Structure formats: structure tokens, C-alpha cells
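Hi there,

Here is the structure I promised to pass on. Please have a look, and read on below for what turned up in it.

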Amino acid sequence: MNLALDIAGIPVSPDHYIGGQRVASSESFEIFSPIDMKPLGRIAQGLHAHVDAAIQAAQRAFPAWAALSAQERHTHLMRFAAEIERRADALCIVESNDAGVLHSRMRHGVAPRAVQNIAFFAEHALTLQDQRIETEQATHFVRHDPAGVVAIITPWNAPLMLTTWKLGPALAAGNTVVVKPPEWAPLTCSLLADAAHAAGLPPGVLNVVQGTGAVTGQRLVSDPRLARISFTGSVPTARAIAQAAGANLVPVSLELGGKSPFIVLADADLDNASRTAALMYRNAGQVCLAGTRLLVHERVAGDFTQRLREQVQQLNIGDPRHDATEIGPIIHPRQMNRIQGFVDRAIAAGATCLWGGQRHAFGPLYYQPTLLTNVKQDSEVVQNEVFGPVLTLQTFASDDEAITLANGTDYGLGGICYGETAHATAVAERVHTGFIWVNSFGIRDLAAPFGGCKRSGIGREGGDWSFEFFCDVKDVVVPKKPFRASFAHR
Ligand SMILES: NC(=O)c1ccc[n+]([C@@H]2O[C@H](COP(=O)([O-])OP(=O)(O)OC[C@H]3O[C@@H](n4cnc5c(N)ncnc54)[C@H](O)[C@@H]3O)[C@@H](O)[C@H]2O)c1
Ligand SMILES: O=C/C=C/C=C(\O)C(=O)O
């Protein structure tokens, strides 16, 4: 066991958590805070033996956990949720330091959501009991059986939120889990292991194996003992995971990137639309569901752009630990170079940069909110996810044209449509994405489906959809009249 890292006075274990115990590794990697690039410490690298031990621990824990009733697992998971809530302050401070997420957003949005992610699915699992289909011939008792050992792999932009969003239904369904946290922001997943331990979850029910994607992640998803793989992250990684899973025919759920359209119709309330558009710079644009392609009716484009400029000028960029800050850092120098590369190439290809386009003076990992116009639909910056504070703006002259532009990328995660409500709703219905907000943004309900079309993913999470994935759904058929075997009919 290694000494805990000290993150602003909060101890965080850098080790794995396997079978209810902390396990060190002979190899480690360094992490730093995107706030100021100061080192935070070294994290265990998950080697073959650690992945193997975690899967074995999860396999050993599975029969007893699966045999509990949904009500008994509910009791365990509500304790787990309570331990997460008890650690909310620590989780907020640690994720803010580790991933650069605004502390205020952690406090008001993410931490309560993490608790809710566990509690909601523990509750929802209770409603899955006793589903049945009655016919004249038989009763079909529909069971949601646990699938087995589940791998959960999450990205760095929202590690606490996205890990709990998968852990809740995976555990409530009766599976045991191996989590592989994101290597650029692994610390809150380590605190989740502490919470599980304090809540008395049986050893092996939740395991955390730290490590890089290429080594630990690849090893984990290649293991034929897995019953499910739930992944949120980028398209290239999803392809590697789907290939490894395909070799073993392990079902995968993939929540991937986006290039969501933000449509502003001529009859939109431009004040509201531009306020919401400024929100697309939140988390320095490192948000999968952000509407990064502004598609604005040509009649209102000038007015809208002027209002958005005023919004953007007021944004407070700086230290994410301070309450007044609205935009924090980019996660890593590599991500920073990627963003700058997209912007430079777009400008070289003829785009006009209306604002931003370069680093922000606050520090090495801060980037100015940026807007690019005169971009072609087939250009790199319109077709690819930047995952930084970079929006493009295109204009259209008709609803049909707006929809052609909106649907004209390989992504299909989300969308936003501003306009007179009936008009905006009609346009929204024609956009090919997994979800779309009309005159709003980010309204979520955990019972609603969440996920992407086209290259934005496979499957849906939320409510029943999470359980469809994490369960082996089984039909137990009991006839109502004595059954007489006959070759003449089935
Ligand atoms: N749709 C959603 O719900 C959603 C939410 C948040 C982020 N995202 C997407 O995530 C991406 C940004 O996150 P990222 O850069 O961390 O993504 P990423 O794909 O690089 O990494 C995600 C996770 O996969 C792991 N990984 C990498 N290679 C692996 C491999 N070969 N085998 C197994 N695991 C491997 C990483 O270690 C990390 O934990 C963006 O594309 C963003 O849109 C999607
Ligand atoms: O950046 C990604 C955010 C994903 C959000 C969700 O998965 C959610 O709100 O459930």
C-alpha cells in the first residue's frame, strides 16, 4: 500500500481497490492538476495481474451479490449513496483539482447527481420485479437477472458523474464491477472505492483498477470473463473496445462524442438563445453534449452573434476553485495542442475567427472562448469533435437547409433548437440525434433515455434502458393448463 496523496488536505489513495483491499503496483504514472500543472502524485498502473485479480474478485463476489433481493441490494446501495454524500465536499475539491471542473458546478450539480445516480437506480431496480405477461395459454414471468462481471470505463471530463451513472444500474441489477478510471483524472474514482468500503459493500462487488487506457483498459476489455462492457469516451477508443469485445462476443454500451447542432430559427427569442449558446463554453467546451455547431437563420444571424459576443465578453475565465469563475482549464497540454491545431487549420482553410482563437493569459492550460464563421460543412472543424471552447457558426435560409446541416455529420448525440415552440419542436423532431432540447439545454431525468445515434454511440442509458443492458432478461413460461406434448404443434 502506498501513502495517500494529499489533495488540498484530502487523502486520496493512489492504489487499486481489489477484493475490498488496497493493492499497490510496481509501476505508476504521474498526474498533475490542470489548474496550474503542479504534480499531484503518482498513480498505480494496472498490470495484467491486477486486472486478473480484480476480475477474479468480482467473479467470487458475484453469486452472493446476485442472490440478494433487489430490496437487499437497495439497502446496501442507499448506504453507498449516503457515504458518497458524506464525502461530497472532498469529492468536489478533489475533482476540481484533478480534472479542473468548476468547484461551484461540482457542488451544485455533480455531487448531488452522483448521489442520485446510485439512489435512483437502486429504487428503479425495485420496479423491475414482478413483471409478467398473461396470455390464455401461459404466464410469462419476466426476470431481470444479473449478467455477471461488468467493466466500466469512463473519460476524464466528468469522471465522478459518469462512473456513478454506470455503477448505479450495474450494481442495482446484481452485477459485480471492475472500474477503470480515466488516467488524466483518476482520483474521485479512488474516493468512490473508499465510499463503497465504508458502506460495507461486500469485498469484490466494486473493484477499481487504476491505469492507462492502452495498458490497463485494453487488458480489461479483452478479458472473456466479462459479461458486459460499459464505455463512455471517444470514437477511436470505442472502436478498439468494440473490437476486443467482439472477439469474445461481450455486449458493449458505447456513449461517445458529439458535434451537436444548436439551431436558432428566425422566430427564436434571441436573448434566451444567446444566453444558452454561451453555456456551450462550459467546462471549457469539454462536454460531450455541448451544441458546438451554431446554425442560425440568416435573417437573425447578425443580431444573435452580437448578443452572444456580449455574453462571451462577460465570461470569467480562471481558477475553477473560485466561485466567480465560469470557465476553467483544458485538461492536458496534449488536448490544448489538439484544440489549437483545429483552430489554426480552420483559419488556414479560410474560416474567420470572430473571437478567441488562442490561449488565454491566465495560465498554460487556459483557452479563449472561440467562434469560427465562414466554415464549410465538409471542413474538418465542422465534422470533428474539438472538445474545447470552440464553436462554429453557419447560417441557413430555410428549415430544410437547417436540418440538412444539422444532420450532416457522422455524429448524432444531442441537439438544441430555439424558436417559436411548435416550430422549434417540429424542427427538433427531424434532427437525427439521441436527444434534443427545445428552447432549453441540459434538462435531464434519470428515467429518460440518454445516448447517441450514428457514430455517437450504441445503446441508451437511463431508467429501464440501463437495466436492459446490465441484465440478462429472461422469460420463465408457466402454462395455465396441463401441457400435453405433441409433434403436431409446437
Ligand atoms: N456520450 C457521452 O455520454 C460522453 C460523455 C463524456 C465524454 N464523452 C466523450 O469522451 C471523449 C473524451 O474523453 P477521453 O479523451 O477520456 O476519451 P478516451 O476515449 O480517450 O478515454 C476514455 C477512457 O477509455 C480508456 N481507454 C483508452 N484506450 C483504451 C483501450 N484501448 N481499451 C480500453 N480502454 C481504453 C481511457 O483510459 C479512459 O478511461 C470525447 O469524445 C467525449 O465526447 C462522451
Ligand atoms: O460530457 C458528458 C456528459 C454526459 C452527461 C450524461 O451522461 C448525463 O447527464 O447523464
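F396 counts as buried because it has 21 C-beta neighbours inside 10 Å; the cut-offs are 20 or more other C-beta atoms within 10 Å of a residue's own for buried, 12 or fewer for exposed, and partly exposed in between, with C-beta atoms placed from the backbone. F396 sits in strand β18 (residues 390–396). Helices (H or I, at least four residues) and strands (E, at least two) are DSSP runs numbered from the N terminus. Leaving out residues up to four places away in sequence, F396 touches L295, H297, E298, E401, A402 and L405, where contact means C-beta atoms, placed from the backbone, within 7 Å. V264 is 132 residues from F396 in sequence, yet their C-alpha atoms are 9.6 Å apart in space.

A word on the source: this is a predicted model, in which local features need pLDDT of at least 70, side-chain atom pairs count only at pLDDT 80 or more, and totals for chains, interfaces and linings use all residues. Residues are numbered from 1 along each chain as its sequence is written, while chains are lettered from A and ligands numbered from 1 in the order in which they are written. The protein has a mean pLDDT (the predictor's confidence in each residue, from 0 to 100) of 97, and 100% of its residues reach 70 or more. The scores are ipTM 0.95 and pTM 0.97.

Now the overall layout. The protein divides into domain 1 (5–256 + 456–475) and domain 2 (261–438), with bounds from an automatic or database domain assignment. Their C-alpha centres lie 31 Å apart, and 16 residues of domain 1 are in contact with 20 residues of domain 2. On the domain 1 side, α3 (88–99) and α4 are the elements that give two or more residues. That side has eight nonpolar, six polar and two charged residues; here Ala, Val, Leu, Ile, Met, Phe, Trp, Tyr, Cys and Pro count as nonpolar, Asp, Glu, Lys and Arg as charged, and the others, Gly among them, as polar.

Which residues touch the most other members of the largest nonpolar core? They are I118, V177, V178 and I263, out of 155 residues; such a core is a set of buried Ala, Val, Leu, Ile, Met, Phe, Trp, Tyr and Cys residues joined through C-beta atoms within 7 Å. Helix α4 (residues 103–126) provides the largest share of this core, eleven residues. Both domain 1 and domain 2 give residues to the core, so it lies between them. Beyond its neighbours within four places in sequence, I118 is in contact with L77, F80, A81, I84, T164, L167 and G168.

In helix α9 (residues 270–278), the buried residues are A273, S274, T276, A277 and A278. Their cover includes β14 (261–264), β15 (293–297), α10 (301–313) and β20 (416–418).

Finally, the ligands. Ligand 1 is surrounded by 32 residues, with P155, G213, G217, G233 and T237 the closest; a residue is near a molecule if its C-beta atom, placed from the backbone, lies within 6 Å of it. By class, the shell around ligand 1 has 14 nonpolar, 14 polar and four charged residues.

Around ligand 2 are N157, A158, L162, W165, V287, C288, L289, R444 and F450. Seven of these are nonpolar, one is polar and one is charged. Domain 1 and domain 2 both contribute to the shell, so ligand 2 lies between them.

Best wishes

Note on methods:
Contact = placed C-beta atoms within 7 Å.
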